[in-house]
Amino acid sequence: MAALLLAPGWRSATGPAEVLLAGLAETWLALRVGFDARCFRRIAGTADDPGLVGFDATLRRLGLMPQDKAGRSLAPRLAGAKRLLARQGIALLAQVGLALLAAFGGLSTP
C-alpha cells in the first residue's frame with residue numbers, strides 16, 4: 001500500500017484520502033473483530049456456564065455495551081461478530097480497490 005501511495009501515478013489528493021479513510025474504517029473494524037475473538041475465546045475456555053450476565057455487566061460498566069444488548073444469548077452475539085467480520089472484509093476490499101484505481105489513474109485529475 002505504501003508503494004502505491006508514493007507512486008508517481010497519484011496526481012490528486014483525493015485518491016490517497018479515500019484510501020486512508022477506507023484503511024481507517026478497516027482498522028477500526030479489525031480492532032472490533034479482534035476484541036470479539038478474544039472475548040469468545042475466553043468464553044469458550046470456561047469449563048462451566050460462560051457467565052454472560054457477569055460479562056455483560058462488565059462491558060456495561062466499561063461503556064462498551066448498550067443496555068438494550070445485555071442479556072442476549074450466544075447465537076445473536078455470534079451473528080453480530082460475523083457481520084463485523086464481513087464489514088471488515090468489505091472495507092479491506094474497498095481500500096485495496098481504491099488504491100489500485102488511484103495508482104492506475106482511475107481517481108486522478110487530468
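I started with D56, which counts as buried because its relative accessibility is 2%, under the 20% cut-off. The model I am reading is a predicted one.

I then looked for salt bridges and found 1 in the whole structure. The side chain of D56 meets that of R77 there, with 2.7 Å from N to O. The two partners come from distant parts of the chain: D56 sits in helix α3 (residues 52-61) and R77 in helix α4, 21 residues apart.

I listed its contacts, leaving aside neighbours within four places in sequence: F40, L52, F55, D56, M65, G71 and R72.

I moved on to helix α4 itself, residues 74-103. How far apart are its end C-alpha atoms? They are 43 Å apart, and 30 residues at 1.5 Å a residue should span 44 Å, so the two values agree.

I noted the buried residues of α4: R77, G80, A81, L84, Q88, A91, Q95, A99, A102 and A103. For reading such a list I kept in mind that an α-helix has 3.6 residues a turn, so residues three or four places apart point the same way.

Last I checked the surface. Which residues make the nonpolar patch of about 380 Å²? I found L92, V96, L100 and F104 there. V96 belongs to helix α4. V96 is partly exposed, because its relative accessible area of 32% falls between the 20% and 50% cut-offs.

Technical notes: Residues are numbered from 1 along each chain as its sequence is written. This is a predicted model: local features need pLDDT of at least 70, side-chain atom pairs count only at pLDDT 80 or more; totals for chains, interfaces and linings use all residues. Side-chain values use heavy atoms; hydrogens and water are left out. Patches are made of residues with over 30% relative accessible area and no salt bridge: like charges are joined within 9 Å, nonpolar side chains (Val, Leu, Ile, Met, Phe, Trp, Tyr) within 5 Å. Accessible areas come from the Shrake-Rupley method with a 1.4 Å probe; for residues, only the protein chains shown count as cover. A salt bridge is a side-chain nitrogen of Lys or Arg within 4 Å of a carboxyl oxygen of Asp or Glu. Helices (H or I, at least four residues) and strands (E, at least two) are DSSP runs, numbered from the N terminus. Buried means under 20% relative accessible area, exposed over 50%, partly exposed in between (1.4 Å probe, protein chains only). The expected span of a helix is 1.5 Å times one less than its number of residues. Contact means heavy atoms within 4.5 Å.
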